[in-house]
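Please keep the structure open while I talk.

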Amino acid sequence: MFLNKEVLLSFMLLSFFGFSQENTSVVKNVTSSYDLDEVIVTATRTSRQLSSVPMPVTLITKEQLQKSGSIRLRDILLEQTGITIVSDFGNSEGVQLQGVAADYTLILLDGVPIVGRTSGNIDLNRLTVNNIKQIEIVKGPSSSLYGSEAIGGVINIITEKPKHEQFKGSLSYFARGGAKNELDINTNVVWKKKKLGGVAGVNLNSSEGFDLSPETVSRTTAPHQNFTGNLKVMYDFSDKLKGTISQRYFSQIQGNNSEENKQEDWNITTKLSHEITNEWNVDYTFYVTKYNAESIFNNEKTNYDQTLLRPEIKSKNTFNTGTLIFGVGANLESLERTEFEGVKKFNTPYVFGQFDFNPINNLNVIIGARFEDSNQYKSAFTPKISSSYQINDWLMAKASVGYGFKAPDFRQLYFNFKNTASGYIVLGTQTLYDLYGDLSTVQTIEKELKPESSIGYNFGFQAQPMSSLKLNINLFRNDIKDLIDTFDTQLKASELNLQSGTRTFSYRNIDEVYTQGVEVDVNYKLSNNFRILGGYQFLDTGDKNQEEKIKSGTVFFRKTLASPAQRMTLFNYYGLPNRSKHMGNLKVFYENFQYNFSANIRVIYRSKYALFDTNDSQGIIDDFDDFVSANTQVNMAVDKTIFKLMNVQIGVDNLFDERGLENKDSFTNNDSVLRLGRTYYGRIQFNF
């Protein structure tokens, strides 16, 4: 099947060059999507114009998805400011926002959560970009609206829905070669006839997998085949009462008979929207989702089975003084997995409210809070206040302060996973003590994890000094108390009766952790044909307990293994693991509207980062530890629309074949420090 990609790419190249002739003498007046002020719903759970939202929000449009050649959610998130994809042990990947770990980023699909985390992370490759209208990213604590998993922020995937009577569809075929062999087939239909409308789509994706370190026995990623089907049906009972039923099903088989992983993920959402009066709307939502994963590893079968039911009622009331949102609901969750004993259940009723008002001219204030109770942890109250002030016609100031909360999950308490083939085990804190007794004499490892809490601050400016230039500057700080993070216990294998060289990972609370920095986004429309997007984040992180140890003069380090020990100072302190101080992106888009031809080049940069302490300085990372080297990836794509019936796209990811091979010596048998080489892809899409 993969051999057919060479024929497809050849055909697409011929089509592209045959139809991309440009007549530069003709000038056409075109209104770009740049000039439109998009509407978002995630930040306030109401429809708001992006420019008016008083908190840092990133919007990824359908156009950006298509132009970048993205086929999975991971592809497009990599190119956004302040966002990076980080690997945990076992190469589990997650989204890091403003330096806050991936465990604390909530992934939503049309406003409801996706479940099934691996090592605390949602596998972003489970999510196709088929039928996505836009992706909304809210940075900073959002627990006032979304609960405990939203300490770092929220990523909400908004899918298509028809707005008027129509019938349209598409069928696309995507092939990727080079360092990665992948096929992706999409079909999508949108229709509406009188009171009945719907969206239906199917995605088929397969890959031969790839191996970043062929000298080792195991492959980085095994071959897979997956299927995603989605169906959304909408019916207008009247002008005042509208109903929606949406369903998504995902199934994947990865690996072979000796090491095989099967995943199933389905959800159903039923929603009634009732406009009781012109000022009072009520939404009734019932959501159920189930995620199941079965794995065969080292001839042992494991199972992960998670179910979530969520009934919710949300009311929106509009007054002369502002808009009030009030909601009540419950999360009813159960989890059964091989690494646990029995079925674990979470029952969490909650209530939330938000008031959006303008106390004076040019000043908008949003005050919100959420209260939730649970059968597993203490109740939590999470308030937030955001505001924006229009200084003049082109400059607006924005500020927000929010409180976040996250309780320990059962994985962090009861996990018992052993991967002796790769030389590591992962144990929940209570499991660690149950198996090996009191470890306080060996290393300080707490049996009882504390709930995590955080306060996030964001302050910035939104400026449009000219019609062609938009600028956003945001300063942020997240103070996280009792952060739960994975760490290498550095317990000796002999003390635990394990195979020599086995590393033991567990979980711990890190007091007074902070992440702070600045983000800058620039959107410049050079002309009707050229648009430039750029972004930069500076990130500073640290653990105040570690800083106090350094100040006390009790921490020593070595510049090299042979050099003498030196007392560490704060000048040598680097910060938290897996955080880069500098990240940036630059994107240049060209569009010829007359001939329906476009091209773009996109550059993503991440500076060096450390995974763990490598020079014996009490687990504290300093400037002389081993660092994963900085990397720059350049992607480019061109596409052509032919007779409005067909789109052809070709592209190259990692144009200069940046692979990170210089990291192999310092981080042996660790594929997370390596990168996929140059890949080529082509897409052909038929529209009807």
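This is a predicted model: local features need pLDDT of at least 70, side-chain atom pairs count only at pLDDT 80 or more; totals for chains, interfaces and linings use all residues.

Arg-411 is buried, with a relative accessible area of 5%, where buried means under 20% relative accessible area, exposed means over 50%, and partly exposed lies in between, using a 1.4 Å probe and protein chains only. The side chain of Arg-411 meets that of Asp-409 in a salt bridge, at 3.5 Å from N to O, a salt bridge being a side-chain nitrogen of Lys or Arg within 4 Å of a carboxyl oxygen of Asp or Glu. Salt bridges that share partners also join Glu-79, Arg-176, Lys-180, Glu-182, Arg-602 and Asp-653 into one network, and the structure holds 34 salt bridges.

Residues are numbered from 1 along each chain as its sequence is written, and side-chain values use heavy atoms, with hydrogens and water left out.

Glu-372 and Arg-370 form another salt bridge, at 3.1 Å from N to O; Glu-372 is buried at 5% relative accessible area, and Arg-370 is buried at 3%. In the salt bridge of Lys-262 with Glu-260, the closest N and O atoms are 4.0 Å apart, and here Lys-262 is partly exposed at 39%, whereas Glu-260, at 17%, counts as buried.

Which side chain does Arg-72 join through a polar contact of 3.0 Å? That partner is Asn-203, a polar contact being a pair of N or O atoms within 3.5 Å, where, within protein, one must be able to donate a hydrogen and the other to accept it, and residues adjacent in sequence count only if both atoms are side-chain atoms. Arg-72 itself is buried, with a relative accessible area of 3%.

Turning to the helix, α7 covers residues 544–552, and its buried residues are Gln-546, Glu-547 and Ile-550; helices here are DSSP runs of H or I with at least four residues, strands are runs of E with at least two, and both are numbered from the N terminus. Seen down the axis of α7, these buried residues fall within an arc of 100°, so they line one face of the helix, the arc being that of the directions from the helix axis to the C-beta atoms. At the start of α7, a side-chain oxygen of Asp-543 reaches to within 2.9 Å of the backbone nitrogen of Asn-545, and after the helix comes Gly-553, with a positive phi near 80°.
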